[in-house]
Amino acid sequence: MNDEKIIVPLDVPDLDSAIALINKLPQVTFWKVGLELFTSTGPKILDILKSQEKRIFLDLKFHDIPNTVAGACRAAAGYGVDLLTIHATCGSDALKAAAEAVEIGAEKAGTKPPQLIAITLLTSISPRQLAFDLKIPLELPEFALKMALLAEKSGLNGAVCSPQEVQQLRETCKNEFLLVCPGIRPTWSDKGDQKRSLTPSQAITAGADYLVIGRPITAAAEPELAWNLIVEELKTFPTKNQRIID
């Protein structure tokens, strides 16, 4: 079902706010826990989500030397989450170490390993910022593709990318390589700080497996109505990619 492709971020500052949002949107089956909430609550929020049989995208975007990211991934794998993120710019040694670490951590904890997903480039970064702020002499789509291919070669399960790069990545990467797209904005919502966005239907049509949709739902005057509008939009756009994380 296409509604299972939508991941909603719990971008709130504390546990009470997170519980309130979960209760407000009981139909959401896949939640994202990011840096702010995890730093505030620790694994308590993960326990709450698992007790309600929700799927979890633990989006901590690890970025460090190989030994450190391996240790972090090994520990995070014990939480039994479904998705876990690391920056592709850590380099191949760190990515390979992380991929091995999630297997070890999950086995030790008796859980299923999370799908390890690489961040190609933050969706708030524009082509101009890539060139002038980060001094990277590549066109933005080429850079995102190189990062995704590096992740795939290093044994990761997928990549996080802008929806505007997803078609190129889907055509180049293996079919089982997951593509997770934040920065999704329906036509009726404000783009905010997202520089490279598409609508939900456009992103699914381009080949995305999962859509991370936050403020258009959570900041809406009626979050449940916003959710229903997006689900209804996706119903009219069947896709060849019907993979679900088991």
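**Ground rules.** I number residues from 1 along each chain as its sequence is written. Since the model is predicted, local features need pLDDT of at least 70 and side-chain atom pairs count only at pLDDT 80 or more, while totals for chains, interfaces and linings use all residues; side-chain values use heavy atoms, with hydrogens and water left out.

**Helix α7.** I took helices (H or I, at least four residues) and strands (E, at least two) as DSSP runs, numbered from the N terminus. At 1.5 Å a residue (times one less than the number of residues), the 14 residues of α7 (140–153) should span 20 Å, and the end C-alpha atoms agree, being 20 Å apart. I looked up its buried residues (under 20% relative accessible area, 1.4 Å probe, protein chains only) and found L140, F143, A144, L145, M147, A148, A151 and E152. Just after α7, G155 has a positive phi of about 95 degrees.

**Cores.** A nonpolar core here is a set of buried Ala, Val, Leu, Ile, Met, Phe, Trp, Tyr and Cys residues joined through side-chain atoms within 4.5 Å. The largest has 70 residues, and L10 and V33 make the most contacts inside it. Helix α5 gives the largest share, 7 residues. A second, separate core of 11 residues includes I7, F57, L178 and Y210.

**α1 and α3.** L15, A18, I19 and I22 in α1 meet K44, I45, I48 and L49 in α3 (heavy atoms within 4.5 Å). I was happy to see that α1 and α3 are roughly parallel (angles under 35 degrees).

Notes:
Buried < 20%, exposed > 50% of the residue type's maximum accessible area, 1.4 Å probe, protein only. Parallel < 35°, antiparallel > 145°, perpendicular 65-115°, else oblique.
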